[in-house]
Protein chains: 2
Amino acid sequence: MARLKGFEKLTTVDNALSIFLDALKPKRLQAESVPLADAVERATADNIVAPMDLPRFDRSAVDGYAIRADDAFEATQFKPRTLKLTREEIVRKGYAKEVWTGNPVPEGATAVVMLEHTRKLKNGVEIVMPVTPGENISRKGEDIRKGEVAIEAGTRVNTYHLGLLAALGVSEVGVVRKPRVAIISTGNELVELGKVTSPGQIINSNRFLVSGLCRELGAEPEYLGIARDDEEDIRMKIVEGLAKADAVITTGGTSVGTADLVPLVISELGKPGIVVHGVAMRPGMPTALGILKRKPVFVLSGYPVAAAFGFEVFARPVILRLLGVQNEPRPWIEGRLTRRVAGALGRRVYLRVKAVEQKGELHAEPILAKGSGLLSSLTKANGYVIIPENREGLEEGETVTVHLFSPIARKED
Amino acid sequence: MARLKGFEKLTTVDNALSIFLDALKPKRLQAESVPLADAVERATADNIVAPMDLPRFDRSAVDGYAIRADDAFEATQFKPRTLKLTREEIVRKGYAKEVWTGNPVPEGATAVVMLEHTRKLKNGVEIVMPVTPGENISRKGEDIRKGEVAIEAGTRVNTYHLGLLAALGVSEVGVVRKPRVAIISTGNELVELGKVTSPGQIINSNRFLVSGLCRELGAEPEYLGIARDDEEDIRMKIVEGLAKADAVITTGGTSVGTADLVPLVISELGKPGIVVHGVAMRPGMPTALGILKRKPVFVLSGYPVAAAFGFEVFARPVILRLLGVQNEPRPWIEGRLTRRVAGALGRRVYLRVKAVEQKGELHAEPILAKGSGLLSSLTKANGYVIIPENREGLEEGETVTVHLFSPIARKED
C-alpha cells in the first residue's frame, strides 16, 4: 500500500533537474540540411561560415559621384571644385562618375560625394563639400569577411539571419533535426475533443497544450492517443513512444493514488526507469522524470497548469539540449508586485502574473487561482514569477522578475 | 531635375505614421473558422464565449475521500473519526467514498479529505484531520463559467489558449484571415539566390527578410519577383500586388536618384498615391508610404537594415491593425548602455544593440555599424534602442529601453 501514501520525500527543483540531466546526459541530435526559407526558428548545427565577402565589392553607400578625394580638397559652396563627368570604368584625376546607392565604386575613385553636395553642370559637376578618403564607401568585406563565422552553432535562426545568409549566397542551411516528442494522455475520465461527453468525463486538453509547447520550441509532437488507467495500455503506448520518438511525455496518472500507474510501468520497463518522483514545486508536485533506452520520459500531472510548469521546468531545458541550444531564457522583465502573495515554504511556487505597463511603470498582477487545474490562470497571465523555497511569500510592491510567455500588456493611462 | 535633389523635407516618424494611418484607416480583415490546432498564433476575430462551465462538475482536487465535512469535526491523529466506505453515488452521514483527483464529487459530500490525512481500515477509513466545507473541491464553473468571455477579440492565440479552448470543447475557432502581403524587390543589380552572380550584382536578400517579417506577424507573404528599374515593369508588379494582396511592400528604388522610380509609379497609378516620402529616421530615411485602392503600399529601402526598420515602424502596426491586434508591443527591457553613442539631431535613430545579462544586471551593447547596409548589425543584435530626435546621443551608463526581437543573452560570470 506504499503507493497509496503521500510522497515520502520531495526533491527540490534544482536537484531534480540536475539529477535528471546527470543521468540522461542529453546529446544534440543529428544535423540535416534544409532550404534557406525553411531554416527560420530552427537551430543551427554548426558554425555557418561566410563563403564570400559581404559586400562582395567596394560599393557606394549613397547616390552621388565617385571621385578621387583630393579632387574635392577645400571645396565649398562659394569655391566649388569642378570635375568632368566620365562614363569609363575608371575614375582619373579631375573626373567624377555618377553612382547610385549600392553600385560598385569604380577603380581609381577613393570616395563618393553625396548628390546633395554637388551641382550638376552641362558637361561636368561642381563639388561643394570636401570628402575624406573612403567616405560614403562600404568596403568589400565590411559587413562580413569570407571565412568569418556568420552564425554560430546552436543559434535559433531568425528572420535577420535569413537575410544575411541569402546575401551570402547560402541557399541550404545545416540545422539540427527536430526532436520528435511522443505525447500520451492517460486517464479513464478523458474523452477527445469533438466526442460526446458523459457526466464525469473530461475533455483531453493536455494533448493540445503539450503539443503546442513542443512546437513552440521547434520540436515535432506526435500524439499517441489516450491510454486508459491500465498497465498494459500504458506500457504499449510508452514502448511505441520510445520506438518512434526522442522523448516521451505523458500527462495524468502520476499522482500517488491507485491510478498512479505511469511511474510504475516506466520503472518496470527498464533501467534506470524513474529517477525523480515528486518535486518540491507548486504546481507540478507529482511530476516524475524517467529514462528508458537513454531517452527522457516526462511524467507530467494530468492537471493542465501543473503539466505546463512540469514541461517548462524539465522538458524545455532537455528539448533545448537536444537542439543544441543552451542559452534561450524566456524574455523577462522586472516589475512591482501589485499585492501580497503567499508562498509555500520548502516548495518553489510558480505564480502566474499579468505584467502590465502603466505610465511607464511595470506592474505584475498576480492571477489568483486556487488549484493548478485552473487553465484560466494561464490564459489570463502573460508570465510567471518564482517564489523561492525559502520565502513565506512576496510583499506588495516588491520588485519581482517576470518570465514572459506572451507580450506585456499596455494599460491606457 | 527635382527628383535628383535630396529630400526637401523629412517627415518625423510620429507624423509619418499618423498621416498614413489617418489616410488609410486600416480595417480588420474578415474572420474565418479554423480547427483548434491551427489557431495558434492567429488573432481571434470575436470574443470567444465559454459554451459550458469549467470544471463541468464539482470535482475533487486531490486523491482521498469525499465525506460530509461535519463527519470529520475535531478529528485528530489521536482521536480519529471512523467512517464506513460506500460505493454508492451518494455519500450519507457516517460514510466516505474514495475519489481520485479530477473525479466528480458525489452527491451529499461537502469536502474531500486528502489521502495523507486518512488511515484505511478493513471496511472503513479513519479521518485524522478536520476539513472545512468545500475543502479540496474544485467547484463547477470555478475556472470559467458558461457565457463568460474565455478569450477576447483581437487576442493572439497562444498554446495555453489552445488548452483552455479544448477543455471547453471548442474545436473550431473564429480567427482573422491572414493578411496577404505582396512583396516586390526592385533593382537592376539584383539576382535571385542560387543564380550565378557577375561582378556588381547583389543577391536579393530582402525577399527573405521581408517575407520572414510578414510571417512572424502571422501574415502571408507572396513574392512577386524582381522588378527591373523600369516604370512599366514596376507598374505591372504593383498592379498585380494590389489585385492579389491586402498590402504591397517594395524594396529598393526609393532613393532620390534617377533610379527613384517606385514612388513615381505609385503616384501615377492613382489617388492618393504616395502620402509620405522621406522620414526623419535612421536607418530608413528614404521610406515612402502610399495608398492605392485603399490598400497600403510600403516603399522600403533596398538596404536590408533600412528595409527592416521601415517594416518595423510602418508595416508592423498596419499589419497588426489588419489582424485586429492593437496591443502587441515587442517585449522590452531596461538596461545600461555600455558605451556612448551618437544620435542624429532631428532624426530618430534605431540603434541595434545586444542586450546581455551579467551578474543579474542588464547591459545594452551597441552594435557599431556605419551603414544601414550591414546585415550583420541585425544578426549580432537582439534588439534596438531608440535615440530620440532631440538627443545628440546617449551616454555610457544611461538606462535605455531595449525592444527585443530575440532572447536576451546570458553571459557567464
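**How the two chains meet**

Modeller: Let's begin with the interface: 68 residues of chain B are in contact with 68 residues of chain A. Two residues are in contact if their C-beta atoms, placed from the backbone, lie within 7 Å. Before going on, note that this is a predicted model, in which local features need pLDDT of at least 70, side-chain atom pairs count only at pLDDT 80 or more, and totals for chains, interfaces and linings use all residues. Residues are numbered from 1 along each chain as its sequence is written, while chains are lettered from A and ligands numbered from 1 in the order in which they are written.

Biologist: Why can one say that the copies meet through the same surface?

Modeller: Compare the two sides: 100% of the interface residues of chain B are also interface residues in chain A, so the same surface is used by both copies.

Biologist: What rotation superposes chain B on chain A?

Modeller: For this, copies are superposed by least squares on the C-alpha atoms of residues with pLDDT of at least 70 in both. Here a rotation of 180° with 0.1 Å of shift along its axis does it, with an RMSD of 0.1 Å. The two copies are therefore related as by a two-fold rotation axis. In chain B, Ile333(B) has the C-alpha nearest the axis, 3.0 Å from it.

**Reading a helix**

Biologist: How do I check the span of helix α1 of chain A?

Modeller: The expected span of a helix is 1.5 Å times one less than its number of residues. Helix α1 (residues 13-24) of chain A has twelve residues and should span 16 Å, and its end C-alpha atoms are 16 Å apart, which agrees.

Biologist: And which residues of α1(A) are buried?

Modeller: First, the rule: a residue is buried if 20 or more other C-beta atoms lie within 10 Å of its own, exposed if 12 or fewer, and partly exposed in between, with C-beta atoms placed from the backbone. In α1(A), Val13(A), Ala16(A), Phe20(A) and Leu24(A) are buried. Seen down the helix axis, they fall within an arc of 65°, so they line one face of α1(A). The arc is that of the directions from the helix axis to the C-beta atoms. On the other side of α1(A) you'll find Asp14(A), Ser18(A) and Asp22(A), which are exposed.

Biologist: What do the buried residues of α1(A) pack against?

Modeller: Their partners in chain A include β18 (273-277), α6 (304-322) and β24 (348-358). After α1(A) comes Lys25(A), whose phi is positive, near 45°.

**The core**

Biologist: Which residues touch the most other members of the largest nonpolar core?

Modeller: In general, nonpolar side chains tend to be buried together in soluble globular proteins. A nonpolar core is a set of buried Ala, Val, Leu, Ile, Met, Phe, Trp, Tyr and Cys residues joined through C-beta atoms within 7 Å. The largest one here has 211 residues, of which Leu165(A) and Leu165(B) touch the most other members. Leaving out residues up to four places away in sequence, Leu165(B) touches Leu36(B), Ile48(B), Ala150(B), Val170(B) and Val173(B).

**Loops and backbone angles**

Biologist: Where does Trp100(A) lie, and is it buried or exposed?

Modeller: Trp100(A) lies in the loop between β6 (95-99) and β7 (111-114) of chain A. With 23 C-beta neighbours inside 10 Å, Trp100(A) counts as buried. Its C-alpha is separated by 6.3 Å from that of Gly64(A), 36 residues apart along the chain.

Biologist: What kind of peptide bond joins Leu54(A) and Pro55(A)?

Modeller: A cis one, with omega about -10°. Pro55(A) sits in the loop between β2 (48-49) and β3 (59-60) of chain A. Lys271(A) and Pro272(A) are also joined by a cis peptide bond, with omega about -10°.

Biologist: Is Lys359(B) buried or exposed?

Modeller: Lys359(B) counts as exposed, with 7 C-beta neighbours inside 10 Å. Although not a glycine, Lys359(B) has a positive phi of about 50°.

Technical notes:
Helices (H or I, at least four residues) and strands (E, at least two) are DSSP runs, numbered from the N terminus.
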